[in-house]
Amino acid sequence: MGCERRLSNTVFRLKSITIYPIKSCLLHDREWILKSLTGEILTQKKFLDVPEMRLISTFIDLSQGILFVESPRCEGKLQINLESDSYCCHTEAMDLQAQRPLSMSESPHCWRHLSSKIFRYEVQGYHNEINIWFSNAVARPCTLLRCYSSQYYSCMGKIGTAGMCRDVETRLNFVNEAQFLLVSEESISDLNSRLRSNVQSGSAGPQIQLDPLRFRPNLVISGGEPYDEDGWRSLKIIDKCFTSLGGCNRCQMINLGIETGRVKKSTEPLATLASYRRVKGKILFGILLRYEIDNEERQEVDSWLRVGQEVFPNFD
């Protein structure tokens with residue numbers, strides 16, 4: 001009741017929607033992945049070893065059905081047709097292991113309990129012209145793969161016992177822990193204020209101004225107080241329901257920024273976050289979400305998420 005009274009007049013709104021095509025109800029989110037010739041998956045977690053990945057930018061034109069990819073290391077935009085299989089030259093199966101936090105209904109302290117899920121993906125490969133482009137972009141030989149189906153077949157609990165994960169109906173692409181990540185503008189603003197204070201007091205280096213994309217969220221919301229989202233058990237946007245899986249544990253990846261076309265590493269903002277957002281050994285910022293699919297749901301035009309729509313959180 002306390003949260004309901006405090007937030008009774010608060011309006012939360014969806015401010016931006018972002019997908020990351022190259023490693024859901026967000027179309028084409030994390031649908032592609034890069035794999036080295038030795039079989040290693042190149043992801044954002046590898047920025048310390050593959051900083052060139054940070055320089056790749058993508059744009060999807062749904063009206064044309066084309067994924068555009070750019071890199072300062074390559075000439076011109078790469079265009080990949082979303083519907084046609086003209087680029088694809090082979091299919092294969094691959095297994096990847098990922099961790100997911102238990103939902104808040106499964107555990108009130110969800111960041112303490114992780115289950116390890118093994119996914120089997122059916123992927124499509126591309127012709128050499130596509131692979132050569134990406135190899136030049138990341139400065140090492142690699143191949144582009146696209147996920148067109150996935151399932152999991154085993155799950156290890158926190159004590160190493162085999163079992164089945166609960167979210168058996170979830171359709172996942174190449175994600176680490178959950179389908180979606182949400183951050184709030186108010187939480188970003190509070191963090192920026194703390195970073196400025198650290199610079200003024202001489203306890204930090206050059207001042208940085210963070211925007212939400214540093215944290216790679218799918219959904220950015222506005223309204224309320226900083227970190228209100230921590231207490232959300234679920235939320236609804238129009239007729240779409242999402243369950244909170246708890247806070248997102250942060251790593252050194254958020255310390256990597258781009259200046260004048262080059263990747264620059266610092267100790268911030270992770271050091272500042274660690275000073276006040278550490279919970280049970282993990283540094284939390286933003287919340288992970290799972291989309292709850294209605295068995296009778298139909299794909300209607302009006303059911304698409306749009307910037308400006310109201311967000312209704314649930315604290316029960």
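Student: In which loop does Pro269 lie?

Tutor: Welcome! This is a predicted model, where local features need pLDDT of at least 70, side-chain atom pairs count only at pLDDT 80 or more, and totals for chains, interfaces and linings use all residues. Residues are numbered from 1 along each chain as its sequence is written, and side-chain values use heavy atoms, leaving out hydrogens and water. Helices (H or I, at least four residues) and strands (E, at least two) are DSSP runs, numbered from the N terminus. Pro269 sits in the loop between strand 16 (262-265) and helix 4 (270-276).

Student: What is the peptide bond from Glu268 to Pro269, cis or trans?

Tutor: Most peptide bonds are trans. Here omega is near 10°, and the bond from Glu268 to Pro269 is cis.

Student: Is Ala139 buried, partly exposed or exposed?

Tutor: Ala139 is in the loop between helix 2 and strand 9 (142-156), and its phi is near 60°, a positive value in a residue other than glycine. Buried means under 20% relative accessible area, exposed over 50%, and partly exposed in between (1.4 Å probe, protein chains only). Because its relative accessibility is 39%, Ala139 counts as partly exposed.

Student: And Lys280, buried or exposed?

Tutor: Lys280 is found in the loop between strand 17 (278-279) and strand 18 (282-292). Phi of Lys280 is near 50°, also positive in a residue other than glycine. Since its relative accessibility is 59%, Lys280 counts as exposed.

Student: Which residue is the bridge partner of Ser57 in strand 5?

Tutor: Two strands pair if DSSP finds at least two bridges between them. Strand 4 and strand 5 (residues 66-70) pair in the antiparallel sense over five bridges. In strand 5, the partner of Ser57 is Glu70.
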